[in-house]
Amino acid sequence: MAFSLVRLACVVSILPAALAQITVRSQAEDVSASVNVDALDFSDAAGVSTVISKGINYGCKCYPGESCWPSASKWKSLNATVDGRLQVHIPPGAACHNTFTGPLGTVNTYDAAKCAEVTQNWESESWTVSQPAAALWTYFTNDTCRPTQNPADSCTLGYYGVYVIMATKPQHVKAGIDFARRNNLRLIVRNTGHDFIGRSVGYGSLVINTHSFQKIEWIDSYRGPGSYKGSAVTIGAGVQGLTILSQGHARNPPLVVVTGECPTVGIAGGFIQGGGHGPWTTLKGLSADNVLAFEAITASGQYVTANERQNPDLFWALKGGGPASFAVILSVTMKTFPDVPSAGATLYINTTHTTDSNVWWNGTETFHKWSNHFVDNGLYVYFELLPFTFRARPFVGIGKTKAELQTVVQPFLDELTAKGVPFDFTIKDFPTFYDLYVDLFEAEAAGSSALTGGWMFNHQDVATNNDGIIEAFKTVLAPRPDAFGFMIGHLFNPGYGAPASNSATHPAWRNATDFIISALVVPVGSSLAQKVDLQNLLTNTMDEALRKASTSGCTYVNEADPYQKDWQSHFWGSEYPKLRALRYKWDPLGVLYAISTPGTEKWEVIEDGTRLQTGLSPAQGPGQEHGFASWSPQSTAWLKHTLKVHVEKRILLANFLITLSFSFTQVPIFYVFHLMECDVFYSNHPPYEGLGDRCSRNEIAAGTATQFSILGMSTTFCGTINLFVAGWMAKRFGPRAALMVQTSVPAIRVATQVLGVVAGGQAGIIIFQCTQLITVIGGPVGYILVANVIAGEVVEPLRRTAVFGMLQGCIMLGQGIGYLSGGMIGDAWGIRRPFEVAFYSFLVSTLYVRVSMPYIAADSLSSGSKPHSKGLAEFFSPLRVLVPQRVMLGSGVVQKHYGVLFLCAGVFLGVLATGYAPLLIQMYATAVFEFQQGDNGWLMSGFAFMRAVFLIFLFPRIINTGRRWYLARGQQETSPGAETQSRCHLAMNPEELEAPIGSFAEEEPVASAEVKEDEGTAFDLFFLRISLVVDGILTMCADFATEGWHIYFDVFSLKQSRRPQRSDAGREHRQAVDPGLIRLCFCGFGPDWQAPSDLLRQCALSWVTLRTRETKTGTEKTAKTRTIRMLSEAK
């Protein structure tokens, strides 16, 4: 097949979502100054620090005590920029200890009065929220520096941040983001610290506290984009649930928003980014479903508005796509609803009623059996389950009277009574939901040390397996004799009031009934081994019991075990691939980080919960590279790594199988045309009566070349359309479905070609030529496009060059086996058999694609086109990549660049230069040396095998070694003029950082002294230029072949210069602003495989010189050189 566009297809397939336009501004308030750019600028970002731990190289964030840690002068400059609101973080419990020892030094901290305050308020949620960087639950701080009666006890920083910016305006947040990015610091964004799984703390980090953002602005009639025109409210990042409900209650008429059940939860931060559930969820959906707009700051430091019109992909991702993943939220605008009279109830079953465990569990089972009934009648129920304690407080009937709520719950109460289960039940009317909220909902206790898990049960689970769910509950409460757990349950169904999701939340929530939080207490002072044991108990015993009792496959992002396997699927389901793609667009370098959020697979916390790192070498062992952020359950990290590699291997195997299917007919198809043209020739000429091959005639060779040229033109035309069809299918139906079409439709084509082989002669030629029309729907061009899309979704950008090389190597391996097998099958069993084998092979490949390829949501591939593109605009949207892109530089200047256009030009020139040498050599060998099917099979399979060996085993090593050499050379060139950074005194006291309020210092330019991790990738282009030159020389050598073995030698040598394209198009896009990369237009990429014709033969090559051998009367003599005009005279 003709593949002049294959390389272009590969490039287009992996262009990231960053090509969708981004609307940004440089000032927080000046919305009119917004500009559209095509990518965010991270050129000022510092590279990761290289750290060797246990003999393994890691790329880590920068930590105190390292040479990369910012100097005291830089911290003072940051403090001035944020108006003196930078603090050295000292845990609140330090007031009860004589000294606090942190990474910056040791200070005296004991204060009896403050210690009494801390001790009194340690379990107070509101007090914890008011602290600069305290966490609601202390397990992920390493339980450090807790209040004590012995001041001599040790007090250290643990896993808290080192510095905190107590931000009061957007500029403070931006300054913190910029500082962290430019200095490679771990960044934590803290709103209230209402967090169960450690996302609000991080060892050695810079913390931005947004709790002071308390703006509340009520909107009578929303006038933003979208169909909603009702009342709304804009809420600052620090506003908590009780605050917004209190202010809404004071309005006339009273208003509410969808907030959490806990009064201290901050609405606009991680709550909405996780989805957000609460008492109104059954009636109005999740909080994320009710968002109208965001104001945020990107990881690159630009201000953005995100709504249905501006940055719609970011708007979607922030609505449930994961906390601290895409941008830092400054405010959110949400729908409001009229507050209404409501009814509430409570129910208790505990040891005051019974000490019989069977009776107690009977009551619990009965309650849960009625849970579908409750949510289907619009209720919300919050309940707690501890040993011998069942507490439902409250049942919430929004918009219901006491009598109506009583009617809903009465069948449940009647069953309890019938079963002899004692209970206390109270029910009450309230004038508004707000009054119910204040009366019946309680604050949660802070200061505990526990691990958190959880799972969601849907309607089907409750209806068909309630007994199994209760058995799982029993496991959670008593996972083993020496441990006990407890549960917090929430009965709600977002699908009751909002059947269709408009957010990034897991689709399974639309059929929810009960979300359970499971918790396991961790004794303070537990050793690392004990913590690992308890984490394993939670993950693999308690939560595993919940998962096995359910079919939902879903749990809640903010209240579940972050170390569970398949967290991507469990948190977001089919939405995850799109979220990961958007993460690479909005924060490709990991400036933001929260455990088990989109795109964090490559990050891991090592050294017992301290350093946040990303693997540097793909050769590292399990759990060392691209592991998820886990410091204790090492077995789980290993499993995550194994599962990821397993997916990559499945993709490589799929490419091998599909390529094998296409390759079975590549050698026979040329021979079939040769035979059919021979039949046509002798139908108009006298029969051949001489010795030797009757088809070895110039006229037949010319006719064969003509038919191949026609085939090439039709293949090029149909293949071009197939590119757009395949891309459209991937965006409309998802890559897996598109790949199935690209493998199943060719089965129809080869089945039709079997008929052509049987017909033979002119009829066979017509059938073969017409089958190319089938390529429009499914063919090798579209298959390679979609296969690269899938691989690009799985492989992180930094690894794509090596992995795509291995991908091409597997394709070459499939070609080699297919070429050889097709030729040998044709020689042994007839020319028909290779086509029949290909037919069945395509069917097997289609089945394999269906069962083994990862599901990728179609929406995750649509962001490269303009929003709402329809019809032909959507179909041809891939051509938009050729339009010059605009990038905003760090200075705020918007600059155009033409990197993608140059890249495409390089693709074309590379293919034009040497792309068709293998096929032309095959034709040359057939005409000159009388190669048969088997000969050509060995020829082409040897070529493919050599390329496969080179790409799979040698190419990745060449790239890795070359990059290191290129980096070393670059460092040697720049080191003479480099200024050695001296170790400066580090400020240890807040007083050393204070700046006068209102003073603004110019932010100190922070240029990283570290070499960026990706600078060595320039070697890829260097190697590409050399490979193209060698490729051209070896191709030219084929013209001087005089013996058959010369052909074999030249074809096998060609593999040395063939390499796949640099598939990290996103990185090239970002680097294209460098004028040095304009060299791309002269480089291009090597050709792809099995190309019978293209522009090279259609236009450029009108003449082919063939040297032949003829055999006459048993005497071998060399005939004169004959020149055949392929495209003109043959006709």
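**View 1. Helix and strands in the lining of the largest cavity.** In this predicted model, three elements each supply at least two residues of the lining of the largest cavity: β9 (187-190), α7 (267-273) and β16 (327-335). The one that gives the most is α7, with five residues.

**View 2. The centre and the volume of the largest cavity.** The volume of the largest cavity is about 590 Å³. Its lining is made of 34 residues, and those closest to the centre are H194, G269, G270, F271 and N558. A search of the whole structure for cavities of 30 Å³ or more finds 14.

**View 3. S49 in strand β3.** S49 is found in β3, a strand of residues 49-53. Is S49 buried or exposed? S49 counts as buried because its relative accessibility is 6%, and the cut-off for buried is under 20%.

**View 4. Surroundings of S49.** Which residues does S49 contact, leaving aside its neighbours within four places in sequence? They are Y58, G59, C60, C62, E66, C68 and N184. A further pair to look at is S49 and S67. Along the sequence, S49 and S67 are 18 residues apart. In space, their C-alpha atoms are 9.6 Å apart.

Methods: Residues are numbered from 1 along each chain as its sequence is written. This is a predicted model: local features need pLDDT of at least 70, side-chain atom pairs count only at pLDDT 80 or more; totals for chains, interfaces and linings use all residues. Side-chain values use heavy atoms; hydrogens and water are left out. On a 1 Å grid over the protein atoms alone, a cavity is a set of points where a 1.4 Å probe fits but cannot get out, and a pocket is an open set with protein on both sides within 12 Å along at least five of seven lines; lining residues have an atom within 4 Å of a point. Grid points are joined across faces, edges and corners, and a volume is the space filled by probe spheres set on the points. Helices (H or I, at least four residues) and strands (E, at least two) are DSSP runs, numbered from the N terminus. Buried means under 20% relative accessible area, exposed over 50%, partly exposed in between (1.4 Å probe, protein chains only). Contact means heavy atoms within 4.5 Å.
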